Amino acid sequence: MDILINSIKEAVLEISKALKYADLSYSNHQNKTGDTQLKLDVLSDEIITKKLSKLSCVKALVSEEKDEALNLNENGEFIVAYDPLDGSSLVDVNFAVGSIFGIYKNEIKPQNLILSLYSLYGPRLEMVICDKTPILYRLDENSEFKKVRELKLKEKGNLNATGASQWAWSKTHAKFVKSLFDEKYRLRYSGAMVADLHQILLKGGGLFSYPATSDHINGKLRVVFEVLPFAKIYESAGGKTSDGFSKSLFEIKIDKIHQTTPCFFGSSYEIEKMHTFYGKNNE
Ligand code: AHM
Ligand code: MG
């Protein structure tokens, strides 16, 4: 596992360098979810693929930017699922973006997710690595990731990040979001889940949600390489997750590698409050 984590760190460093100077234009291809790929999405995917393909412990790679799983070593133990550059449409405005990784043992099932990692390319380069508890690392002047601290969520926060178009929200979701603002929650939403979830996690609490909408009834965010890696991190930090109805995002059944789901991540208070709205008035 250490070899795998080190290779991911090397890939993250390389992506961070590419972000500074590489071409910001679009390619001619769409990924499986229909997004036109930026050249940077493709380059980040290639950097990760090149690094991880060298490892005999890697059974397969599953990427947001690949239509199918890339099978590597039949006897490998780990399937690495990743979003190579989350929030990539924000690189042109110079916002923070990141890479998200979920390491599954033998087979892609929620219970088999044994390690989650993400990087955040902001003013500093940071990584969070979580097996049992999420730990924050920051790159130092010698290009080494140094441990900063363990991350824990409080019972309740005061930030609210909710995605998608408001015209497409359900009435239930709109009422729930309003109830948080009525409680003096403050709006924080950049459009890169990796940066928005990182902010809530480091500030100690709040809610991030990407609900089901009238145009996308299963939400937008992808289960295998976006939602479950963060669900592990939030639950390990003492928070809670749900798809709006479930007790945890880990209850989900995975049928397809590019499957999406509505998702809620937060401290206990916000998720419990969400259930009081979604449980009663489902309209
Ligand atoms: P990406 O992986 O193609 O960058 O898309 C995922 C991103 C998330 O990071 C973010 O939370 C969401 O899409 C934003 O979508 P919206 O603008 O609909 O709120
Ligand atoms: Mg993404």
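**View 1. Make-up of the shell around ligand 1.** The shell around ligand 1 consists of 7 nonpolar, 4 polar and 7 charged residues; here Ala, Val, Leu, Ile, Met, Phe, Trp, Tyr, Cys and Pro count as nonpolar, Asp, Glu, Lys and Arg as charged, and the others, Gly among them, as polar. The model is predicted: local features need pLDDT of at least 70 and side-chain atom pairs pLDDT 80 or more, while totals for chains, interfaces and linings use all residues. Residues are numbered from 1 along each chain as its sequence is written, chains are lettered from A and ligands numbered from 1 in the order in which they are written, and side-chain values use heavy atoms, without hydrogens and water. In total, 18 residues surround ligand 1, each with a heavy atom within 4 Å of it. Gly 87, Tyr 189, Met 193, Tyr 210 and Lys 220 are the closest. Domain 1 (1-150) and domain 2 (159-278) each supply at least three residues of the shell; the domain bounds come from an automatic or database assignment.

**View 2. Polar contacts of ligand 1.** An oxygen atom of ligand 1 lies 2.7 Å from a polar backbone atom of Gly 87. For side-chain N or O atoms, the distance from a ligand 1 oxygen is 3.0 Å at Asp 86 and 3.1 Å at Asp 83. Of the 470 Å² of accessible area that ligand 1 has on its own, the protein covers 81% (Shrake-Rupley method, 1.4 Å probe).

**View 3. The magnesium ion (ligand 2).** Asp 83 (OD), Asp 86 (OD) and Glu 226 (OE) coordinate the magnesium ion at 1.8 to 2.1 Å. Donors are N, O and S atoms within 2.8 Å of the metal (3.2 Å for Na, K and Ca), and the site may look incomplete because water is not among the atoms. The donor residues follow the spacing D-x2-D-x139-E. Asp 86 belongs to strand 5 and Glu 226 to helix 5 (residues 223-236), so this pair ties together parts 140 residues apart in sequence. Helices (H or I, at least four residues) and strands (E, at least two) are DSSP runs, numbered from the N terminus.

**View 4. Positions annotated in UniProt.** An unreviewed UniProt entry places the feature "binding site" at Glu 64, Asp 83 and Leu 85. These residues spread over 22 residues of sequence, yet their largest C-alpha distance is 9.0 Å. Glu 64 sits in the loop between strand 3 (58-63) and strand 4 (70-71).

Definitions and conventions: Polar contact = N/O pair within 3.5 Å; in protein donor to acceptor, adjacent residues only side chain to side chain. UniProt positions renumbered as here; feature names shortened; annotations may be inferred.
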